[in-house]
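Trainee: I would like a close look at one part of this model, with the background I need to follow it. Please take the aromatic rings as the part.

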Amino acid sequence: SCGSCHSQHLDEWSESMHAYASDDPVFVAMNKRGQRETNGSLGNFCVQCHAPIALRTGATTDGSNLASLPTPMHGITCYYCHSVDKVYGAQNNPLHLSDDAVLRADILDPRDNTAHNSTYSTLHDGAQPESATMCGACHDVTTQSGLALEKTFVEWQGAIYAKNTPQTLLTCSGCHMPSAQAPASDQPNMPVRAVHSHAVPGVDISLTSSDSNAQNVLVQSNLDPALVAKLCVTPPGNGPTVTATLDDAFVGHNWPSGATHNRRAWLELIAYAGTNVVFSSGVVADGQDVLTITDPNLWIFRQRLLDAKGVEVKFMWQAVTTDGAFLTPSVTNDPQAPGYYHALSRTYDVPPNADKITMRLRVISIGLDVINDLISSGDLDPSLAAKVPVYTLAGTTLTWTTANGFGCIPQ
């Protein structure tokens with residue numbers, strides 16, 4: 001019904017993970033397995049964010065019957081977000097929906113229309129810091145055992161982009177819902193406004209979408225500029241010959257973030273002498289689980305879930321604590337302030353005859369170890385493993401050759 005006036009918004013949203021939140025087969029598989037392995041005590045933990053309308057209307061209690069529910073009960077819908085009038089917490093979806101039949105957005109002077117009443121809301125205005133609290137309400141997750149599982153909003157709060165000044169403030173929608181000048185409605189004689197994309201790309205995509213290529217393009221364009229990289233090569237005999245540096249300079253939170261217990265990001269570095277490979281690290285074949293490679297030099301970013309004995313587990317309902325490695329965001333633009341330098345580096349001893357060195361950072365939204373575990377338990381279709389894309393960040397793809405001379409790329 002919203003698409004009859006907002007067709008572009010509907011088209012964008014329809015391919016987003018918000019639309020697929022309750023239909024994504026990995027979510028369905030995890031919720032099914034979690035309910036089974038906890039004897040139902042997982043309850044509404046997952047669906048409170050993934051199918052909030054279904055839960056709040058009583059159409060579901062635990063998500064086990066989502067497939068049988070009508071379309072308006074699925075995912076995170078237009079009505080759900082645009083009815084929010086209050087945020088009364090910071091995790092696990094503490095959003096309050098109005099009952100006044102007024103839809104909210106960032107338009108200061110909404111036009112009267114016959115579809116719905118409208119009003120301006122700072123919660124929906126990406127230029128206002130309050131808008132981040134609305135996104136953060138679902139993107140910070142604490143488990144039933146009290147484990148802070150996802151902390152994207154907390155991470156943003158500690159970053160320079162949360163500082164409420166014109167020079168620094170950048171909220172969630174600034175990156176994930178960029179704006180363009182266009183009419184907000186398809187109705188005639190509508191004014192041109194700043195209209196936000198509703199595709200909301202991050203790193204996840206739907207594995208059953210009819211247009212996964214379009215989703216991939218959006219995710220790739222979101223990832224490409226995220227990190228700043230440097231590749232430095234020193235003369236043989238002066239210590240480690242290669243240093244790779246990664247800087248989370250342009251992301252408003254840790255990288256990776258979100259469901260970091262599922263993410264796998266790693267650096268691939270290859271050295272050549274002529275056409276021969278003389279050193280490599282992080283080389284993962286298509287369809288291979290990065291955690292299965294034997295590589296003492298592997299530089300990987302991920303969160304590990306641990307049980308009470310410190311043993312790694314796959315799923316959040318099994319975990320009581322975590323550890324991991326991440327890139328952290330910028331916290332200040334003052335070179336004299338503590339925390340200004342936050343880039344991370346890794347050194348590699350490369351044979352002295354290397355005349356070409358390449359590096360790139362790769363990321364998969366959900367590790368194949370998790371996917372394969374869900375397949376082996378019978379909860380996930382085996383054909384879906386091949387549909388999980390691995391992305392390479394363009395900003396981290398660098399090549400050094402002897403023609404560059406010793407030093408850093410870029411200088």
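Mentor: Start with a caution. This is a predicted model. Now your percentage. Among contacts in the chain between residues at least 6 apart in sequence, 61% join residues at least 24 apart. Keep that in mind when we reach the second ring pair.

The chain has ten helices and 20 strands. Its C-alpha trace spans about 75 × 50 × 40 Å along the principal axes. For 411 residues, a compact globule would have a radius of gyration near 22 Å, and the chain has 23 Å, which agrees. Of the 411 residues, 47% are buried. The accessible surface comes to about 19400 Å², and carbon and sulfur atoms hold 54% of that.

Now the rings. A search of the whole structure finds six aromatic pairs. Let us take two of them. A pair of aromatic rings is described by the distance of the centres and the angle of the planes.

The cut-off for stacked is under 30 degrees. Both residues belong to helix H7, residues 152–157. They are three residues apart there, so about one helical turn separates them. Phe153 and Trp156 are both buried.

The other pair is Phe279 and Tyr348. Its centres lie 6.0 Å apart, but its planes are at 70°, and that makes the pair edge-to-face. The cut-off for edge-to-face is over 60 degrees. Look at where the partners sit. Phe279 is in strand S12 (residues 276–281), while Tyr348 is in strand S16 (residues 344–348). The pair therefore ties together parts that are 69 residues apart in sequence. Phe279 and Tyr348 are both buried.

There is one more ring to look at. Lys356 lies over the face of Tyr272, at 5.3 Å from the ring centre.

Now place the rings in the cores. The largest nonpolar core has 82 residues. Five of them touch the most other members: Leu246, Trp255, Leu269, Tyr348 and Met359. So Tyr348 comes up again: it is part of the edge-to-face pair with Phe279. A second, separate core holds eight residues. Trp156 is one of them, and Ala159, Ala162 and Leu169 are also included.

Trp156 leads us to His253. His253 lies in the loop between strand S10 (242–247) and strand S11 (264–273). At a relative accessible area of 17%, His253 is buried, because the cut-off is under 20%. Leave aside its neighbours within four places in sequence. His253 is then in contact with Thr152, Glu155, Trp156, His176, Asp248 and Pro329.

The peptide bond from Trp255 to Pro256 is cis, with omega near -5°. Another cis bond joins Ile409 and Pro410, with omega about -15°. Pro410 is in the segment after strand S20 (407–409). Why stop at these bonds? Most residues other than glycine have a negative phi, and most peptide bonds are trans.

That also tells you to check phi. Asn39 has a phi near 55°, a positive value in a residue other than glycine. Asn39 lies in the loop between helix H2 (25–37) and helix H3 (47–50). With 74% relative accessibility, Asn39 counts as exposed. Val200 has a positive phi as well, about 45°. Val200 is in the loop between strand S8 (192–196) and helix H9 (212–223). At 22% relative accessibility, Val200 counts as partly exposed.

Ser68 is in the loop between helix H4 (52–56) and helix H5 (78–82). Ser68 is exposed, with a relative accessible area of 59%. Ser68 and Leu108 are 40 residues apart in sequence, and their C-alpha atoms are 39 Å apart.

Conventions:
Residues are numbered from 1 along each chain as its sequence is written. This is a predicted model: local features need pLDDT of at least 70, side-chain atom pairs count only at pLDDT 80 or more; totals for chains, interfaces and linings use all residues. Side-chain values use heavy atoms; hydrogens and water are left out. Rings of Phe, Tyr and Trp (its six-membered ring) pair if their centres lie within 6.5 Å; planes under 30 degrees apart count as stacked, over 60 as edge-to-face and the rest as tilted. Helices (H or I, at least four residues) and strands (E, at least two) are DSSP runs, numbered from the N terminus. Buried means under 20% relative accessible area, exposed over 50%, partly exposed in between (1.4 Å probe, protein chains only). A charge sits over a ring if NZ of Lys or CZ of Arg is within 6 Å of the ring centre and within 35 degrees of the ring normal. A nonpolar core is a set of buried Ala, Val, Leu, Ile, Met, Phe, Trp, Tyr and Cys residues joined through side-chain atoms within 4.5 Å. The radius of gyration is taken over C-alpha atoms; the globule rule is 2.2 Å times the number of residues to the power 0.38. Contact means heavy atoms within 4.5 Å. Accessible areas come from the Shrake-Rupley method with a 1.4 Å probe; for residues, only the protein chains shown count as cover.
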